[in-house]
Amino acid sequence: MQRFLDLLEESDNCVFLSGAGISTFSGIPDFRGSNGLYAKYDANKIFDLAYFYKDPAYFYTHAREFIYDLDTREPNLIHRTLAMMEKKGYLKSVITQNIDLLHQKAGSLNVIEIHGSPATHKCLSCGENYSYNDVRELLEKETVPRCTKCSGLIKPDITFFGEMLDETAITNAIAASSKADLFVVIGSSLVVQPAASLPLYSLKRGGKLVIINNMATPLDEYAYLKYDELGDFFNHLSSYFNE
Ligand SMILES: [Zn+2]
């Protein structure tokens with residue numbers, strides 16, 4: 001742990017990349033684990049754009065249980081520690097693959113959501129914008145939220161299969177990674193793009209890579225430090241930041 005703390009103290013530009021592995025601490029199912037969402041729901045349907053057009057109720061019915069229930073979920077020690085580190089100037093930004101809004105709920109300010117976000121929604125017919133809370137309210141009355149202007153289908157700005165990635169988010173993620181002299185991957189197996197290649201931007205400019213994940217990743221051989229236990233790691237790290 002001391003070796004990591006030394007890196008952190010030396011670093012002028014530390015960036016964290018978080019994946020689904022950190023959310024399991026908050027009771028949110030990991031997408032790819034054995035109890036993952038993809039075991040419970042049909043992965044080919046829930047985030048598939050073509051299927052969403054055909055049967056939006058499938059997404060919204062399930063999404064009530066893991067997206068539109070933010071008031072019942074609390075950020076865990078990991079989210080809180082990262083927010084504290086940002087506040088104290090130890091990290092510049094958190095790039096996340098997660099769509100659970102928990103970094104923001106914990107107080108992180110600079111969060112780059114590379115798979116999009118349910119914080120904003122759009123009507124697919126007229127383009128009207130809706131916030132997370134707008135849609136929460138609509139969902140209290142109907143199974144599928146409809147545009148109050150034109151009755152069009154409302155979709156969260158989460159990147160579905162069959163959709164282009166959010167260009168602004170990707171540009172910001174690449175810019176942040178390219179500047180990072182310390183790049184820390186937590187709870188991501190680095191198998192899904194664009195997350196998989198982001199550490200390379202930091203490595204290319206001479207940054208140090210640290211990976212904390214209970215599974216092997218394709219970039220383990222490039223890691224300056226590798227830890228397996230996220231929970232242990234953050235128990236130690238949080239005590240350092242007087243949480
Ligand atoms: Zn509309």
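1. Donors here are N, O and S atoms within 2.8 Å of the metal (3.2 Å for Na, K and Ca). Water is not among the atoms, so sites may look incomplete. The zinc ion meets the tetrahedral rule, because its four donor atoms subtend angles of 100 to 115 degrees. For comparison, the ideal angle for four tetrahedral donors is 109.5 degrees.

2. A word on the model. It is predicted, so local features need pLDDT of at least 70 and side-chain atom pairs count only at pLDDT 80 or more, while totals for chains, interfaces and linings use all residues. Residues are numbered from 1 along each chain as its sequence is written, and side-chain values use heavy atoms, with hydrogens and water left out.

3. Which residues hold the zinc ion? The protein donors are the SG atoms of Cys 123, Cys 126, Cys 147 and Cys 150, lying 2.3 Å from the ion. Along the chain they follow the spacing C-x2-C-x20-C-x2-C. Cys 126 sits in the loop between strand 4 (116-123) and strand 5 (129-131), and Cys 150 in the loop between helix 8 (132-141) and strand 6 (154-158), so this pair ties together parts 24 residues apart in sequence. Helices (H or I, at least four residues) and strands (E, at least two) are DSSP runs, numbered from the N terminus. Cys 126 is partly exposed at 42% relative accessibility. Cys 150 is partly exposed too, at 34%. The scale: buried is under 20% relative accessible area, exposed over 50%, partly exposed in between (1.4 Å probe, protein chains only).

4. The domain assignment gives domain 1 (1-28 + 75-115 + 166-243) and domain 2 (29-72 + 116-158). Such bounds come from an automatic or database assignment. The C-alpha centres of the two domains lie 26 Å apart.

5. Of its 29 residues, Phe 47, Phe 59, Tyr 60, Ile 67 and Tyr 68 touch the most other members. Helix 4 (49-54), helix 5 (56-63), helix 8 and strand 6 each give two or more residues. Domain 1 and domain 2 both contribute, so this core lies between them. A second, separate core of 24 residues includes Ile 22, Ile 78, Tyr 227 and Phe 241.

6. Is helix 5 largely enclosed or open? Six of its eight residues are buried, so helix 5 is largely enclosed by the rest of the structure. The buried ones are Pro 56, Tyr 58, Phe 59, Tyr 60, His 62 and Ala 63. Their cover includes helix 3 (43-46), helix 4, strand 4, helix 8 and strand 6. Leaving out residues up to four places away in sequence, Tyr 60 touches residues including Phe 52, His 121, Val 135 and Ile 154. Contact means heavy atoms within 4.5 Å.

7. Strand 1 (residues 14-18) is largely enclosed, because five of its five residues are buried. Cys 14, Phe 16 and Ser 18 cover one side, Val 15 and Leu 17 the other. Strand 1 runs parallel to strand 7, with five bridges, and parallel to strand 2 (residues 93-96), with four. Pairing requires at least two DSSP bridges between strands. Cys 14 partners Leu 182 in strand 7; Val 15 partners Ser 93 in strand 2.

Technical notes
Four donors count as tetrahedral if all angles lie between 85 and 135 degrees; four count as square planar and six as octahedral if opposite donors are over 155 degrees apart and all others between 65 and 115; anything else is irregular. A nonpolar core is a set of buried Ala, Val, Leu, Ile, Met, Phe, Trp, Tyr and Cys residues joined through side-chain atoms within 4.5 Å.
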